[in-house]
Amino acid sequence: MHETKRGLVLREVAYREADMMLTVLTESGGKVSAAARGVRRKNSKLSAAVQSLAFSEFSFYENGGRVTVNEAEPIELFFELRSDLVKFALASYFAELLEVTADAEVENPELIRLGLNSFYALAKLQKDPRIIKAAFEMRIARYAGYAPVLDLCPVCGNTARHPVFSLETGTLYCATCPKVGKTIPVDEGVIAALRHILYGDLKKLFSFRMEESGIQTLATLTEGYLLEHFERSFKTLSFYHGLV
Ligand SMILES: [Zn+2]
């Protein structure tokens, strides 16, 4: 069966002499593993469209559960991400998170929009990459089912006084109330940024500004929260930290 789908290449793994196995996040939100034959040979027409981080239109052929790429046309290759090592490292980290979060069976079209918007922001907008990273981490934590609840302090039931954010429970506590897990003090600016990231329109995900100290707190918080809830490490994140 032939099917045409647009999708983002999250990963490419070389196999056999000249082939690649791709992991593609499609527009419907499903994840597809597909073999691209002969793409490592010189003059392969497919090689640009099937590389990691490319957004392309694929013609897939499925036979007995195996999917092959018949044709592929690049739509956006994000060249800027390939010429800047820090941006490349971050985009690769986003791709790894998308791969872990996406499900082959479950469709979640917001995932590819998050991926494409984030790649676009990294590649084309003059935005602090730490803000793009923080927004991506918190938004994908939400899609993975780990949305924090930025509500009243769960201990005393009031708006948290001198609030601290628990990486374990994803809630705001008063500095003086008993807390669960490691906590990070947050000010109004950080709380407003978190609300914007979690509940705002995906199109405006990166449209906020912060002071330097706020960016640092937000960055520590979102990465700590993500690692706490995904319960694993990411090679691409270690690579990024080796650079910055
Ligand atoms: Zn309290």
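This is a predicted model: local features need pLDDT of at least 70, side-chain atom pairs count only at pLDDT 80 or more; totals for chains, interfaces and linings use all residues.
Q: How many residues of domain 1 are in contact with domain 2?
A: 13 residues of domain 1 are in contact with 15 residues of domain 2, contact being C-beta atoms, placed from the backbone, within 7 Å.

Q: And the largest nonpolar core, where does it lie?
A: That core has 65 residues, a nonpolar core being a set of buried Ala, Val, Leu, Ile, Met, Phe, Trp, Tyr and Cys residues joined through C-beta atoms within 7 Å. Both domain 1 and domain 2 give residues to this core, so it lies between them. Val 24, Val 50, Val 69, Ala 91 and Ala 135 have the most contacts inside it.

Q: What does Val 50 contact, leaving aside neighbours within four places in sequence?
A: Its partners include Val 9, Met 20, Leu 22 and Val 69.

Q: Switching to helix 4, how many of its residues are buried?
A: Eleven of its 15 residues are buried, so helix 4 is largely enclosed by the rest of the structure; buried means 20 or more other C-beta atoms within 10 Å of the residue's own, with C-beta atoms placed from the backbone. Helices here are DSSP runs of H or I with at least four residues, numbered from the N terminus.

Conventions: Residues are numbered from 1 along each chain as its sequence is written. A residue is buried if 20 or more other C-beta atoms lie within 10 Å of its own, exposed if 12 or fewer, and partly exposed in between; C-beta atoms are placed from the backbone. Domain bounds come from an automatic or database domain assignment. Two residues are in contact if their C-beta atoms, placed from the backbone, lie within 7 Å. Helices (H or I, at least four residues) and strands (E, at least two) are DSSP runs, numbered from the N terminus.
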